[in-house]
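Here's a quick briefing to read with the model open beside you.

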Amino acid sequence: MARGRISRLSVRDVRFPTSLGGHGSDAMHTDPDYSAAYVVLETDAGDGLKGYGITFTLGKGTEVGDSLQEEQMLMHGYPAYTTSCAWLGYSDDTLKQVGFFNLVLQARFKVKVGADLQDDMRRCRLIRDMIGPEKTLMMDANQRWDVPEAVEWMSKLAEFKPLWIEEPTSPDDILGHATISKALVPLGIGVATGEQCHNRVIFKQLLQANALQFLQIDSCRLGSVNENLSVLLMAKKFGIPVCPHAGGVGLCELVQHLIIFDYISVSTSLKNRMCEYVDHLHEHFKYPVVIKQASYMPPKDAGYSTEMKEDSVRKHQYPDGDVWKKLLAAQEN
């Protein structure tokens, strides 16, 4: 069977007026019109095959907004932000060079902090001056601080107007995050965390304790798609936006499927929502993520975008791949 890319998608709201005859009525639903969201996918494979999907509702579940959300993703994508502008190991010259490049592509930026306060203030000032007062800036401490230190440190960095501080302390310190979150409210700084959380129970506790304002799932750390979906549903219940962690190896490729599902089927909102993007290593994947106008564009290929190029796998396999053979040989010499 030929493998093609999705070339056309149609979503239709199909309703049957069953309420006229009282069909399907019960104590909860007195006048339901049995209905369905009917989806048809076509590809460019040229074999004429189509994929059909159906979701049963009672009418209101298939309002026209659902169709508009499909269209929103296809036309405009899902908002992304970049971490590539301010890695902690970058020199000032590199920060400026990479920052200006990302300024053309992005409207939302994240800077690494936590090693040295004075250095953080200098780097954050450099980035804020570069992007201007209107662009969104986030900060990430990668679990570096204890609770009092996090509050004190962020009170000094508040002048740079960060939207959030990410992983301010140990990822499994639920009450610590809650204390930090409460302390930063007067400063207008939210707490983001979750990339190190490995099951839905930890997320449940973070949500119940009001310990975060931005929830960050990780497509690999959180075991299985189903576990991720349960967290998306909890976030919806608590009214907390999901802003996934990505980057690394293949995380952007995987998480794009989850954020698009969240927007179309769970949250139905882009308010305060964005997904991390790091612009390296995508060339090693057969179906790399596509970013346009600072947004993730919906993947058109079937599957979970996990497949790597065999040539890349062979070259980078440790320790026998060509890349590592050369590096290890050089270290020995």
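Start with proline 299, which counts as partly exposed because its relative accessibility is 26%, between the under-20% mark for buried and the over-50% mark for exposed. Keep in mind that this is a predicted model. You'll find proline 299 in the loop between strand E12 (295–296) and helix H9 (310–316).

**Around proline 299**
- Setting aside neighbours within four places in sequence, proline 299 is in contact with Gln256, His257, Ile260 and Ser305.
- Proline 299 and arginine 5 sit 294 residues apart in sequence, yet 8.9 Å apart in space, C-alpha to C-alpha.

**The chain as a whole**
- The protein chain has 10 helices and 12 strands.
- Of its 333 residues, 44% are buried.
- Take the contacts between residues at least 6 apart in sequence: 70% of them join residues at least 24 apart.

- In soluble globular proteins, nonpolar side chains tend to be buried together.
- Here the largest nonpolar core has 34 residues, and Phe203, Leu215, Ile217 and Tyr296 have the most contacts inside it.
- At least two residues of this core come from each of strand E4 (78–82), helix H5 (174–184), helix H6 (200–208), H7, H8 and strand E10 (275–277).
- H8 gives the most to this core, with 8 residues.
- Apart from this core lies another one, of 26 residues, with Val113, Ile131, Met139 and Ile165 among them.

**Helix H5**
- The buried residues in H5 are Ile174, Gly176, His177, Ala178, Ile180, Ser181 and Leu184.
- They pack against helix H4 (147–157), strand E7 (164–166), strand E8 (190–193) and H6.

**H6 against H7**
- Two packed helices are described by the angle between their axes and the distance between the axes.
- For H6 and H7, the angle is about 10 degrees and the axes are 10 Å apart.
- That angle falls under the 35-degree cut-off, so H6 and H7 are roughly parallel to each other.
- On the H6 side, Arg200, Phe203, Lys204, Leu207 and Gln208 meet Glu227, Ser230, Val231, Met234, Ala235 and Phe238 from H7.
- Sorted by type, the residues of this contact are 6 nonpolar, 2 polar and 3 charged.

**H7 against H8**
- Helix H7 (residues 224–238) and helix H8 (residues 251–267) have axes that come within 11 Å and cross at roughly 45 degrees.
- H7 and H8 are therefore oblique to each other, and their crossing is right-handed.
- Val225, Asn228, Leu229, Leu232, Leu233 and Lys236 from H7 meet Leu258, Phe261, Asp262, Val266 and Ser267 from H8.
- That contact divides into 7 nonpolar, 2 polar and 2 charged residues.

**Serine 267**
- Beyond residues up to four places away in sequence, serine 267 touches Lys236, Asp262 and Arg273.

Technical notes. Residues are numbered from 1 along each chain as its sequence is written. This is a predicted model: local features need pLDDT of at least 70, side-chain atom pairs count only at pLDDT 80 or more; totals for chains, interfaces and linings use all residues. Side-chain values use heavy atoms; hydrogens and water are left out. Axes are lines fitted to C-alpha atoms, for helices over the stretch in contact, and angles run from 0 to 180 degrees between N-to-C directions. Helices (H or I, at least four residues) and strands (E, at least two) are DSSP runs, numbered from the N terminus. Angles under 35 degrees count as roughly parallel, over 145 as roughly antiparallel, 65 to 115 as roughly perpendicular and the rest as oblique. A crossing is left-handed if the near helix is turned anticlockwise from the far one by less than a right angle, and right-handed if clockwise. Contact means heavy atoms within 4.5 Å. Ala, Val, Leu, Ile, Met, Phe, Trp, Tyr, Cys and Pro count as nonpolar, Asp, Glu, Lys and Arg as charged, and the others, Gly among them, as polar. A nonpolar core is a set of buried Ala, Val, Leu, Ile, Met, Phe, Trp, Tyr and Cys residues joined through side-chain atoms within 4.5 Å. Buried means under 20% relative accessible area, exposed over 50%, partly exposed in between (1.4 Å probe, protein chains only).
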